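Here are my notes on this complex.

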Number of protein chains: 2
Amino acid sequence: MVKENPSLHRDETDNGGAAKAVRGPGRRLHGAIAHKLGMAILSGQYAPGDTLSGEVAFAEELEVSRSAYREAIQVLTAKGLVESRPKAGTRVLPRNRWNLLDPEVLAWAFAGEPDIQFVRDLFELRAIVEPAAARLAAQRRDKDDLRIMKDALAAMRRHTLATEAGRAADRDFHNAILNATRNDALLTLTASIGAAVNWTTQYKQRARALPRNPIPDHVRVYDAIAAGDAQAAAEAMGVLVDLALEDTASAMVG
Amino acid sequence: MVKENPSLHRDETDNGGAAKAVRGPGRRLHGAIAHKLGMAILSGQYAPGDTLSGEVAFAEELEVSRSAYREAIQVLTAKGLVESRPKAGTRVLPRNRWNLLDPEVLAWAFAGEPDIQFVRDLFELRAIVEPAAARLAAQRRDKDDLRIMKDALAAMRRHTLATEAGRAADRDFHNAILNATRNDALLTLTASIGAAVNWTTQYKQRARALPRNPIPDHVRVYDAIAAGDAQAAAEAMGVLVDLALEDTASAMVG
DNA sequence: TCCGGTAATTACTCCGACATATTACAGGAT
DNA sequence: ATCCTGTAATATGTCGGAGTAATTACCGGA
C-alpha cells in the first residue's frame, strides 16, 4: 500500500493517478482540504460518530501544515459537519446537524454519486417552494421583472436547453421569478436547491434526449405572472417542477 | 511573562469599555471572534463592499493572534459573509451571497435588533413550508410519530407557553411533525427558521400576554395528521402560522 | 492610448512552542 | 465494592514570527 499522499500542493506532477484534491487557481489550500474532506464526509467515507485522526497526524498525512488543516476544519465546523473538542478529537456530527442547504455542502453531496433519497427530498422541497414563489412573483412583479423574464425566455427559445447558453437563460428566468418575490430568504434557499437540482439535470441530458419541449410550459408560467394571476402562476410552476422530477427520476432508474 | 489579556480572554469582567466578544465556556476564541464579527456584519456595522483592516492590524486590535483571527475569518467565509484575496484584503460580500438560512447567521441576525423586512421574509417562508410539511406528515406519520406529538401536546397543556418547559414542548411538537415528513432537507430548513422565529416570539411574550389559547389550534393540527387528512392538516397548520405572525407583527409595531 | 513588465502589498502557508480543556485513571474515603 | 476526588495524560487551542505566493497598481515603452 502506497502511503504516498496526494500532492495537494503545487505541481508535484507525480500524481499517483488518484483523483486527489488539487487546488486550482483562485482556490486556497485550506479550501482544497475542506473540499476533499467535505466530499469524503458527504459520500459516507467518514460516517457520523467517526473520529478523525489527530491534527498532527492528519496534517502530516496530507502533507500540509497544521494551520491549513485547522482552517479547513473550521470551515467544516461552520457547516455543521464536524465538531472538535480538546482531548476528544474531531468527530463527524450526526446528519441532522449538517447544514444540508449550504451551497458548498450541496456541491459536495452532488460531487459524487448523490444519495437518491436526498435528491428526492430536494425535489420535494422544490415542489413546495417554487410554486409558492411563482405565486408571490405574480403579485409583486414590476415591469423590469417581466422584461428580464421575457428576455430570458427569448434566449431559451433561441438556444434550446441543449446548449449551455440555453441553460443559462433558464437559470436567469427562474432567478428573475425569485427576485420578483422580494423575499431574500426565499431567494437564497431556492438558488441553492436549484443549482443542486440542475446538477442532476445533467444526468438527464446525458441519459436521453429531451422528451418534451419545455418552452410552452415556461411561457404559461410567464403569462400567469404577467397577468398577475397568482393561482395560475403557482399551478403552471407546479407543472414545470413535476416535469423536471419525472425526467430526472426516469433518468436515474435507467 | 505576564499576559495581561483583557476582554476577549477569560472572564476578567474588567471590560475596558469596548463591548468586546467574550467567550463563555465551551466556546473557543476564534468562535467568539466569528460571533462578534458576524453580528457586526449582520447588524450593518460593516456594509457590503467594505474592506476590513488587514490581518495584522485587526488581530492586534482585537488582541488575539493572527491564527485565531484567520480561523474566524474562515468561518465567515464559509457562510458567504466575506471574501479574502491577496493584496485586495477581506471584503464584505453583497447580501445575496450570504447564507441567510445558516443557523448561526440567523442567530447573529437576531442577536441585535432584527431587520423587520427580514423577519417578514422568514415568516412568509415559514407560511409556505410548514403547512406543506404538515401535509406530508399526515401522509407518512407512523404510530411513534403520533405518540411523540401527543406527549408534546400534553406537556404543552400542563405547562402553558408561558414557561420554558411549555415552549420546549411546543418545539418538540413541531419537530415531531417535521420528523414525520421523512425529509431531511425540510427538517434542517424548518428547524433553522423555527428557531429564529421563536426568538421573535420572546419579544411577543415580553410585550403582552398571550392573546389567545393556542392549544386548540395545535390539537386541530394533530387530529388532522392522526386522521391522515393531508388537506386538513395543511390548513390547520396554516392557521397556526398565521396566528404566530399576527402576534409577532402586533408586538413589533408596539 | 494601449500594452506589458515590475514592484509593492496583502493574504497565505509553514513552523515550533506553549496554554488550556477534557478525558481517563488511580487512589482514598464512605 | 462503590463513589468521589484529585491528578496525569493527551489532543485541541492559541501564540508569535518567518517566509511564500498571488494580485493589484504603477510605470515605462511601443
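1. A convention for residue classes comes first: Ala, Val, Leu, Ile, Met, Phe, Trp, Tyr, Cys and Pro count as nonpolar, Asp, Glu, Lys and Arg as charged, and the others, Gly among them, as polar. On that basis the surface near DNA strand D holds 7 nonpolar, 8 polar and 7 charged residues. Here a residue is near a strand if its C-beta atom, placed from the backbone, lies within 6 Å of it.

2. This is a predicted model; local features need pLDDT of at least 70, side-chain atom pairs count only at pLDDT 80 or more, and totals for chains, interfaces and linings use all residues. Residues are numbered from 1 along each chain as its sequence is written, with chains lettered from A and ligands numbered from 1 in the order in which they are written.

3. DNA strand D has 22 residues around it, and A:Gly54, B:Leu29, B:Ser65, B:Ala68 and B:Lys87 come nearest. At least two residues each come from β2 (89-92) of chain A and from α1 (29-42) and α3 of chain B. The largest share, 3 residues, is from α3(B). Helices (H or I, at least four residues) and strands (E, at least two) are DSSP runs, numbered from the N terminus.

4. Now the protein interface. In chain B, 29 residues are in contact with 29 residues of chain A (C-beta atoms, placed from the backbone, within 7 Å). Two or more residues each come from α3 (66-78), α5 (116-140) and α8 (184-207) of chain B. α5(B) gives the most, with 8 residues.

5. The copies meet through the same surface, because 100% of the interface residues of chain B are also interface residues in chain A.

Definitions and conventions: Contact = placed C-beta atoms within 7 Å.
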